[in-house]
Amino acid sequence: MTAVDLSSPATPRDPGGPTAPATTPHGADVEGAEVNGAEVNGAEADGAEVGQRVPEFSVWPATVTEEPGGRVLLAGVPLTDIADAHGTPVYVLDEDEIRGRCRTYRAAFPAPEAEVHYAAKAFLCRGLVRLVDEEGLGLDVCSAGELGLAVTAGFPPERILLHGNAKSPADLDTALRLGVGRIVIDSPAEIARLAAAVGPRGHQKVMLRVTPGVGAGGHAKVRTGTDGQKFGLSLRDGHAQHAVARVLDQPQLELTGLHCHLGSQITETKPYLTALRRLVGLMARIRDAHGVALPELDLGGGHGIAYRPGDPVLDPTALARRLRAALAESCAAAGLPVPRLLVEPGRAVVGPAGVALYRVLAVKTTGGRGFVAVDGGMSDNPRPTLYGARYAPRLIGRRSTAPAVRTTVAGRHCEAGDLLAEDVDLPADIRPGDLLAVPVAGAYQLSMASSYNLVGRPPVVAVRDGAARLLVRRETLEDLRARDVGL
């Protein structure tokens with residue numbers, strides 16, 4: 001078996017303590033140069049800062065190895081063995097990859113001047129909750145369901161932040177009952193609702209989500225920092241300033257800072273720097289109007305990762321360096337103390353750690369187009385249908401010498417748009433029974449999964465040091481029938 005240097009973007013090679021040094025991501029923003037091909041110390045930003053990579057494996061976790069016969073192992077565990085033991089589709093999470101990315105973020109944004117909260121919406125289960133807790137990150141949740149799962153798994157509620165544009169009474173009641181650390185207010189109506197729920201003798205730390213008027217993200221549906229969409233309170237039209245005044249008038253609510261989230265799959269630092277400067281400007285106006293210097297500033301997440309070889313990524317270490325410098329400069333100019341900086345990576349922590357395995361069910365050519373149909377699809381990964389997401393699937397379990405042909409990997413569901421990967425290169429001799437692996441499958445796949453066509457959601461298996469353990473079992477037909485209370 002040959003081990004290949006396949007270190008993933010932003011993942012430390014040393015899985016040691018929480019301050020393990022981070023490597024420089026492939027194609028990252030380094031030493032003041034932007035991503036997407038800018039020059040970095042005389043070399044292209046897409047250069048070999050972490051050594052040569054095998055292109056087809058460059059987006060896989062660092063523990064991947066391949067045997068001469070084509071068998072692929074993750075953390076020493078053959079992926080074919082996982083498929084045989086748990087069936088397909090099945091999702092595999094490399095635990096060391098997740099831990100390494102957590103440690104990279106903690107090193108880049110060290111306490112106490114910064115905090116890192118894992119964004120649970122990317123993917124959450126009890127095993128992941130415990131891992132994130134062990135690595136010292138906080139948690140960012142969007143619902144009573146995510147919050148309740150985290151707390152019942154043992155996560156300290158004071159390290160949890162709850163946000164959402166339309167929090168239900170159950171969301172707020174659960175947050176207050178469990179003692180969540182901060183609640184992010186997203187609308188004026190929520191101020192009175194929350195104050196009433198807290199009661200005159202209660203106390204709750206809150207932040208205010210501000211829309212800074214910065215558009216960024218890989219798709220229009222995930223750009224959340226601009227005006228005219230459902231999240232936050234606009235900085236431009238004065239709604240944010242008015243909401244600040246209303247919060248400060250509620251003695252049971254402690255306004256600790258401002259929050260924003262610009263979007264997802266952002267691969268440049270410039271949008272974050274622009275948002276930071278605008279929010280510091282608002283903090284200065286709050287100080288001038290109310291005599292309050294807010295101690296926290298949360299810039300959300302959305303840090304871009306590579307789904308296919310050559311995709312740009314956002315380096316958290318370089319991002320942190322630039323944000324800290326800009327924050328110090330902006331606060332000095334405004335005469336403000338430097339607030340604690342919060343970030344909320346989700347996809348960038350768990351996305352590259354996941355690999356989805358599918359079994360090929362059918363192969364055909366129609367209308368001059370080749371299709372490989374697999375036993376999963378939009379019920380376990382809606383991202384291609386929703387956002388046009390692109391992946392780099394690979395044949396595993398055997399080595400093919402056949403030439404590569406342009407192929408579309410189709411899902412099993414009754415939708416023409418159920419296509420997992422369009423126009424990708426796969427061996428011409430691919431056949432039913434083969435296994436396909438889709439890397440970078442850890443985020444926004446199972447967390448957005450459904451039971452469309454009454455197909456149960458796949459299991460999740462964690463691998464580490466040659467061992468595999470089940471984190472989430474497969475959803476069965478019995479599970480689905482149990483919800484139907486009958487005639």
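I call a residue buried when its relative accessible area is under 20%, exposed when over 50%, and partly exposed in between, with a 1.4 Å probe and protein chains only.

Entry one, the whole protein. The model is predicted, so I note that local features need pLDDT of at least 70 and side-chain atom pairs pLDDT 80 or more, while totals for chains, interfaces and linings use all residues. Residues are numbered from 1 along each chain as its sequence is written, and side-chain values use heavy atoms, without hydrogens and water. I looked up the burial and found that 56% of the 487 residues are buried. I took contacts as heavy atoms within 4.5 Å. Of the contacts with a separation of 6 or more, 69% join residues 24 or more positions apart.

Entry two, the secondary structure. I count twelve helices and 24 strands. These are DSSP runs numbered from the N terminus: helices are H or I with at least four residues, strands are E with at least two.

I find β22 at residues 435-439, with five of its five residues buried. Leu435, Ala437 and Pro439 point one way, and Leu436 and Val438 point the other way.

I treat two strands as paired if DSSP finds at least two bridges between them. Strand β17 (residues 354-366) runs antiparallel to β22 and is joined to it by five bridges. Strand β19 (residues 394-396) is also antiparallel to β22, over three bridges. I looked up leucine 435 of β22: it is the bridge partner of arginine 359 and of isoleucine 396.
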